[in-house]
Amino acid sequence: MNVVLFGATGMVGQGALRECLLDEGVHRVLAVGRAATGQRHEKLREVVVPDVADLSAVEGELVGFDACLFCLGVSSAGMSEADYTRLTVDLTLAVARTLLRLNPEMTFVFVSGTGTDGSERGRVMWARVKGKAENALLGMGFRAAYMFRPAAIVPMHGITSRTRWIRIANTVLKPVFPALKALLPSYVTTTEQLGRAMLKVAREGYPKTVIEARDIPRV
Ligand SMILES: NC(=O)c1ccc[n+]([C@@H]2O[C@H](COP(=O)([O-])OP(=O)(O)OC[C@H]3O[C@@H](n4cnc5c(N)ncnc54)[C@H](OP(=O)(O)O)[C@@H]3O)[C@@H](O)[C@H]2O)c1
């Protein structure tokens, strides 16, 4: 399987990248972003673009992929709905449209979050916006599309978040992560478990298109 990965510099994306590189069934990984991960591996190629929403200059690189793991995304904290929509919906769909045109048999795996509002009409801004992105992706015509809705994510293997407040929270909570994971296995995943689950679903499929936090350990 050949995988194109977005958000590989982020916490979720670093986890997905690690699992892709370790998985013998993954032959090629292309990380696309506005910054490189800096990692070196025989299976990994990186493409850096100034604006991820505009991939026109690198379309030649984006052909021949079976799956996209889309881990690019930010917390809505401090963002207006318009700005959050521009990143979460507009950028994501621009990428998805390009990939689908170039890889009509592709499976698209998206990371949203627990509480995402599929009605798109609820009171919580981030949940509405993520719901809009999910619904659009599910209706685009990919061979398959899966929406992951993790709750808490514990970073493993030295992985860190790109978001400062999440980095601080993770440092403070680090001593209690094992207990939290044991107490709430359905709501606490790890970057390793999530990365493996995304890859497994991309390869084998899954009975549900929306994968809630409680489903992740069972994938
Ligand atoms: N962290 C959690 O506990 C958690 C829980 C549930 C759901 N999620 C969801 O998981 C997804 C990934 O979160 P994360 O924790 O991995 O976040 P993160 O560590 O902050 O990483 C964000 C990633 O998105 C990229 N990115 C952000 N804005 C961009 C832009 N304008 N253009 C191009 N790339 C951009 C970053 O690239 P740069 O390196 O270039 O900044 C980075 O690769 C998000 O959708 C988040 O809502 C996270």
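How many nonpolar, polar and charged residues does the shell around the ligand have? By class, this shell has twelve nonpolar, seven polar and three charged residues, where Ala, Val, Leu, Ile, Met, Phe, Trp, Tyr, Cys and Pro count as nonpolar, Asp, Glu, Lys and Arg as charged, and the others, Gly among them, as polar. The model is predicted, so that local features need pLDDT of at least 70 and side-chain atom pairs count only at pLDDT 80 or more, while totals for chains, interfaces and linings use all residues. Residues are numbered from 1 along each chain as its sequence is written, and side-chain values use heavy atoms, with hydrogens and water left out.

The ligand is surrounded by 22 residues, each with a heavy atom within 4 Å of it. The closest are Thr 9, Arg 34, Lys 130, Arg 162 and Thr 163. A polar backbone atom of Met 11 lies 2.9 Å from an oxygen atom of the ligand, and one of Gly 10 lies 3.1 Å from a ligand oxygen. For Ser 161, a polar side-chain atom is 3.3 Å from an oxygen atom of the ligand. Of the 890 Å² of accessible area that the ligand has on its own, the protein covers 86% (Shrake-Rupley method, 1.4 Å probe).

The whole structure contains 14 salt bridges, each a side-chain nitrogen of Lys or Arg within 4 Å of a carboxyl oxygen of Asp or Glu. One of them joins the side chains of Glu 192 and Arg 18 at 3.7 Å, N to O. Because Glu 192 lies in helix H6 (residues 191-204) and Arg 18 in helix H1 (residues 11-22), this pair ties together parts that are 174 residues apart in sequence; helices are DSSP runs (H or I) of at least four residues, numbered from the N terminus.

Methods
Polar contact = N/O pair within 3.5 Å; in protein donor to acceptor, adjacent residues only side chain to side chain. Helix = DSSP H or I, 4+ residues; strand = E, 2+ residues; numbered from the N terminus.
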